[in-house]
Amino acid sequence: MKKILLIEDEVSIAELQRDYLEISDFSVDIQHTGDAGLQQALQGNYHLIILDIMLPGLNGFEICKQIRAVKNIPILLVSAKKEDIDKIRGLGLGADDYITKPFSPSELVARVKAHLARYERLSGSHPKSNSIYVHGISIDKSARRVHINGEVVPFTTKEFDTLVFFVMHPNQVLSKEQLYENIWGLESAADVSTVTVHIRKLREKIERNPAHPKFLETVWGAGYRFNV
């Protein structure tokens with residue numbers, strides 16, 4: 001049974017979300033404050049974390065940043081804030097998704113399942129193709145570890161998944177919708193700004209000059225291409 005940590009200060013909302021997740025055979029722990037949530041996230045062995053942004057004590061952004069520094073699991077940010085700047089900030093700190101309130105519990109369950117399934121699929125590689133080497137980038141898919149020019153470089157869950165997907169589809173133009181659907185496992189009609197944020201973060205890590213990328217190229221009006 002997959003274990004989920006739900007960090008949400010509104011008790012009624014947290015209990016409703018827990019009920020829907022438990023019906024779907026997830027084990028759910030709840031924390032209502034930022035400090036307690038962070039402590040449990042770091043100490044517990046969870047498969048996914050659902051994290052509200054506005055919390056007593058530490059806010060969700062700071063919690064996300066600290067969790068991501070040591071754990072490579074899906075993090076779903078939840079907030080009533082609809083501004084793009086908050087989405088960009090959250091995704092930039094390593095969150096895998098940003099869900100805007102109000103939303104139905106069934107939508108949350110669907111997103112949780114999609115992220116877990118995608119994570120398992122992309123990390124459960126075939127034995128013969130566990131390692132990839134291209135442009136000085138060495139990718140160990142089993143260990144989910146990346147070396148660039150011999151040095152270990154930390155990647156968030158979705159940054160790693162995005163890099164692997166590009167490398168596995170070299171010299172192909174991939175639209176934002178294709179990337180979102182294949183990596184996030186959600187409907188492509190959802191907010192594809194997530195893709196843009198992760199492309200920027202990838203370039204900062206794999207390109208010598210992210211402003212003028214050589215490997216991860218923008219094909220205007222069509223998408224992106226990983227040149228090999």
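This is a predicted model: local features need pLDDT of at least 70, side-chain atom pairs count only at pLDDT 80 or more; totals for chains, interfaces and linings use all residues.
## The annotated stretch

Start with the record: an unreviewed UniProt entry lists residues 3–116 as "domain: Response regulatory". In the model, that stretch comes out as 48% helix and 21% strand. Its end C-alpha atoms sit 11 Å apart.

## Where α6 meets α7

On the α6 side, the contact is made by K158, D161, T162, F165 and F166. Facing them from α7 are L179, N182, I183 and W184. Sort the residues of this contact by type and you get five nonpolar, two polar and two charged.

## The largest nonpolar core

Nonpolar side chains in soluble globular proteins tend to be buried together. Here, the largest nonpolar core has 28 residues, and F155, L163 and F166 are the ones that touch the most other members. Helix α6 is the top contributor to this core, with six residues. At least two residues each come from β6 (131–134), β7 (137–140), β8 (145–148), α6, α7, α8 (193–206) and β12 (223–226).

Which residues does L163 touch, once those up to four places away in sequence are set aside? They are I137, I139, V146, F155, L202 and I206.

## A second core

There's also a separate core, this one with 18 residues. Among its members are I7, L55, I67 and Y98.

Note on methods: Residues are numbered from 1 along each chain as its sequence is written. Side-chain values use heavy atoms; hydrogens and water are left out. UniProt positions are given in the numbering used here, feature names are shortened, and annotations may be inferred rather than shown by experiment. Helices (H or I, at least four residues) and strands (E, at least two) are DSSP runs, numbered from the N terminus. Contact means heavy atoms within 4.5 Å. Ala, Val, Leu, Ile, Met, Phe, Trp, Tyr, Cys and Pro count as nonpolar, Asp, Glu, Lys and Arg as charged, and the others, Gly among them, as polar. A nonpolar core is a set of buried Ala, Val, Leu, Ile, Met, Phe, Trp, Tyr and Cys residues joined through side-chain atoms within 4.5 Å. Buried means under 20% relative accessible area, exposed over 50%, partly exposed in between (1.4 Å probe, protein chains only).
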